Amino acid sequence: MKGMIISVASGKGGTGKTTIATNLAVPLSEKAQLLDCDVEQPNAHLFLNPTFTHSVKVTVPVPHVDEKKCNLCGKCAEICQFKAIVVIGKSVLTFPDMCHSCGGCVEVCPEKAITERGREVGLIERGYADGLDFVHGRLRVGEAMSPPLIKKLRTYQDTSKATIIDAPPGTSCPVIAAMKGTDFVLLVTEPTPFGLYDLKLAAGAVRILGIPCGIIINRSDLGDNRVKEFADEEGIPVLLEIPFDRRIAEIYSRGELIVEVMPEWKERFLGLYESITRIANRD
Ligand code: SF4
Ligand code: SF4
């Protein structure tokens with residue numbers, strides 16, 4: 001049977017997204033897999049302490065020009081939408097960091113002067129944390145192209161298990177790469193004007209993708225009611241509220257999991273998974 005794929009997203013960082021992803025995955029243990037797709041700041045491993053058994057560098061193809069074959073016709077520069085290859089005087093210059101690896105320049109070169117070489121964008125590591133299958137990506141420092149690394153990370157999905165994806169924050173291309181093709185999106189927010197603003201953006205992106213979603217309100221007793229009003233208007237269920245609790249803050253600051261220290265929360269997260277399954281199967 002195909003396992004459910006749940007992405008955990010938020011319009012901005014710092015709302016507790018990784019807390020939700022890790023505490024949702026751990027009670028499911030051997031039946032689940034956690035993919036940390038927040039490749040710019042992968043933090044889930046700090047709470048899980050996995051033993052990594054597999055590590056692979058991820059590269060993207062970028063053009064390399066053989067000047068001896070090149071006749072300086074300029075067709076490669078004409079087709080490149082990203083100005084990643086240009087003809088200046090008697091040279092063809094490439095800018096690998098700007099290349100989107102579309103292969104267009106290779107295709108149009110009449111002299112077959114362009115070949116592709118790998119440019120490293122990051123690293124994928126896989127391991128286990130108490131039976132939980134864990135995979136994360138680390139974007140190379142200074143690297144801007146996170147979607148290829150996230151897409152590669154998504155190929156590690158084990159379809160026989162429930163997959164929990166810790167998505168990057170925001171609503172741009174990296175988040176879409178992490179949410180696309182998932183069965184359900186959990187939107188983590190806080191009951192503040194900033195939280196609501198980012199929630200609306202994130203909910204808009206999820207709507208475009210046509211994926212069912214639910215909301216988790218973190219520090220739910222600290223703000224106002226407007227997140228709930230928005231959820232009502234949009235018909236998005238609020239699936240869990242986590243009040244501000246000094247014990248939870250201390251557990252987090254020690255790098256521990258709520259479900260492992262407070263058993264009542266293990267039941268709540270298992271209940272959350274059941275609710276998600278019910279809603280996703282109904283839709
Ligand atoms: S298309 Fe090929 S031959 Fe023409 S300028 Fe580019 S590399 Fe040189
Ligand atoms: S592969 Fe595509 S994006 Fe990269 S330099 Fe060639 S045309 Fe431009």
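This is a predicted model: local features need pLDDT of at least 70, side-chain atom pairs count only at pLDDT 80 or more; totals for chains, interfaces and linings use all residues.
**Exercise 1. Work out the strand order of the open sheet and name its edge strands.**

Step 1. An edge strand pairs on one side only, which holds for E3 (51-65) and E11 (238-242).
Step 2. Direction ignored, neighbouring strands of this sheet are turned by 20 degrees against each other on average.

**Exercise 2. Describe how E3 is joined to E6, and find the helix that packs on the sheet.**

Step 1. Strands of a sheet pair through backbone hydrogen bonds, in either a parallel or an antiparallel way.
Step 2. E3 and E6 (residues 114-129) run antiparallel and are joined by 14 bridges.
Step 3. Within this pairing, Thr51 stands opposite Tyr128 in E6.
Step 4. The helix is H5 (residues 146-154), which touches E2 (32-36), E3, E6 and E7 (132-139).
Step 5. The direction of H5 makes about 165 degrees with that of E7.

**Exercise 3. List the closest residues around each ligand and sort each shell by class.**

Step 1. Ligand 1 is surrounded by 15 residues, with Cys70, Cys73, Lys75, Cys76 and Cys109 the closest.
Step 2. The ligand 1 shell divides into 11 nonpolar, 2 polar and 2 charged residues.
Step 3. Around ligand 2 there are 13 residues, of which Cys80, Ala84, Cys99, Cys102 and Cys105 are the closest.
Step 4. The ligand 2 shell holds 9 nonpolar and 4 polar residues, and no charged ones.
Step 5. Cys counts as nonpolar in this sorting.

Terms used: Residues are numbered from 1 along each chain as its sequence is written. Chains are lettered from A and ligands numbered from 1 in the order in which they are written. A residue is near a molecule or strand if its C-beta atom, placed from the backbone, lies within 6 Å of it. Two strands pair if DSSP finds at least two bridges between them. Helices (H or I, at least four residues) and strands (E, at least two) are DSSP runs, numbered from the N terminus. Axes are lines fitted to C-alpha atoms, for helices over the stretch in contact, and angles run from 0 to 180 degrees between N-to-C directions. Two residues are in contact if their C-beta atoms, placed from the backbone, lie within 7 Å.
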